[in-house]
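This report walks a new reader through one structure, part by part. Please look over the sequence and the model before reading on.

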2 protein chains.
Amino acid sequence: MKAVAYEVRPEDEIRDLIESWRKAAEAKDIDAILSHYVPDIVAFDAIAQLRFRGRDAYRKHWEACLSMCPGQMIFEVHDLNIAAGDDLAFCHSLSLCGGTGENGEEKTGWMRATAGCRKIDGKWMIVHEHFSAPFDMESGKALFDLQP
Amino acid sequence: MKAVAYEVRPEDEIRDLIESWRKAAEAKDIDAILSHYVPDIVAFDAIAQLRFRGRDAYRKHWEACLSMCPGQMIFEVHDLNIAAGDDLAFCHSLSLCGGTGENGEEKTGWMRATAGCRKIDGKWMIVHEHFSAPFDMESGKALFDLQP
């Protein structure tokens, strides 16, 4: 019997990375979430600040975010589009995010997500992340009710 | 005399691409802006919709945006960070955006920008763009007064 080496496509590796990260977010496992980021990640998150520089600052923000969501976390990734080379990749998707509040009511909204990745020592890592909701020009309010 | 071929680094080419695009936006030159995008661009813009699919849809949106800004456009790119390979790249930056209204008053705010690029037939093009402002969890309002 002969061993056959199958080539793993970078696109599939990025898909696995995003799914691993998504599962960690849904499980509210802060260490698992953070394990996908490089130490000097630059993150643009949907709320609170213009940017978060470095994994330590971003950890504090993630902790604050997860504490706002006492019940079950909902974190779906849709329309994932990946552009990947041998050691550099980016991807974008729409995320249905939300959770179940203390009253058991489910509350979700669509967000946009973009990630930039690098393969470092054989492992794909997220080096940049951008999450957002669009806002309405008239009211200045974030638009949570938009549908893809 | 001998001709010397200098190697052009992809990072420098991406810097040139973003500067060219920035100048086009500041000049409100819609054709020049659009010339940086692939026909099937997927764009997440700061306002109005979750996403824009294709250059034609994105052109309509750019036209609407530029018509909201009757005076001089302000479009600065700060802290541009580039990750570039031979034919794939992504970059992020903070943009100071705004304009001079009809009353001559200058109004600007900081936005976050991420772009994904591909080199196609020797030319770098933007295939994905993500612009946003973060919002406040309490009020649901976009945060325009944040400083980097």
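Which residue of strand 6 of chain B stands opposite B:Gly116? In this model, which is predicted, the residue opposite B:Gly116 is B:His128, in strand 6 of chain B. The two strands concerned, strand 5 and strand 6 of chain B, run antiparallel and are joined by nine bridges.

**The sheets and their helices**

Strands of a sheet pair through backbone hydrogen bonds, in either a parallel or an antiparallel sense. In chain B, six strands form an open sheet with the order 2-1-6-5-4-3 and mixed pairing. Its edge strands are strand 2 (52-53) and strand 3 of chain B, each of which pairs on one side only. Helix 1 (residues 10-26) of chain B packs on this sheet, where it touches strand 3, strand 4, strand 5 and strand 6 of chain B. Helix 3 (residues 55-67) of chain B also packs on the sheet, touching strand 1 and strand 2 of chain B.

Chain A likewise has an open sheet of six strands, with mixed pairing and the order 2-1-6-5-4-3. Because strand 2 (52-53) and strand 3 (73-84) of chain A stand at the edges with a single partner strand each, one side of each is left without a neighbour in the sheet. A parallel pairing in chain A is that of strand 1 (residues 37-44) with strand 6 (residues 123-132), which extends over four bridges; A:Phe44 has A:His130 in strand 6 of chain A as its bridge partner.

| Helix | Strand | Angle |
|---|---|---|
| Helix 1 (residues 10-26) of chain A | strand 3 of chain A | about 165 degrees |
| Helix 3 (residues 55-67) of chain A | strand 1 of chain A | about 60 degrees |
| Helix 1 (residues 10-26) of chain B | strand 3 of chain B | about 165 degrees |
| Helix 3 (residues 55-67) of chain B | strand 1 of chain B | about 60 degrees |

**How the two chains meet**

The contact between the chains takes 35 residues from chain B and 35 residues from chain A. On the side of chain B that touches chain A, the elements giving two or more residues are strand 1 (37-44), strand 3 (73-84), strand 4 (88-100), strand 5 (106-120) and strand 6 (123-132) of chain B, and strand 5 of chain B gives the most, with five residues. By kind, the residues of this side divide into 20 nonpolar, ten polar and five charged. Since 100% of the interface residues of chain B are also interface residues in chain A, the copies meet through the same surface.

**Two residues in their surroundings**

The largest nonpolar core has 74 residues, and B:Ile14 is one of those that touch the most other members. Leaving aside residues up to four places away in sequence, B:Ile14 touches B:Ile82, B:Ala84, B:Ala89, B:Cys91, B:Cys117 and B:Trp124.

B:Ile74 and B:Thr108 are 34 residues apart in sequence, yet 7.6 Å apart in space, C-alpha to C-alpha.

How values were computed: Residues are numbered from 1 along each chain as its sequence is written. Chains are lettered from A and ligands numbered from 1 in the order in which they are written. This is a predicted model: local features need pLDDT of at least 70, side-chain atom pairs count only at pLDDT 80 or more; totals for chains, interfaces and linings use all residues. Two residues are in contact if their C-beta atoms, placed from the backbone, lie within 7 Å. Ala, Val, Leu, Ile, Met, Phe, Trp, Tyr, Cys and Pro count as nonpolar, Asp, Glu, Lys and Arg as charged, and the others, Gly among them, as polar. Two strands pair if DSSP finds at least two bridges between them. Axes are lines fitted to C-alpha atoms, for helices over the stretch in contact, and angles run from 0 to 180 degrees between N-to-C directions. A nonpolar core is a set of buried Ala, Val, Leu, Ile, Met, Phe, Trp, Tyr and Cys residues joined through C-beta atoms within 7 Å. A residue is buried if 20 or more other C-beta atoms lie within 10 Å of its own, exposed if 12 or fewer, and partly exposed in between; C-beta atoms are placed from the backbone.
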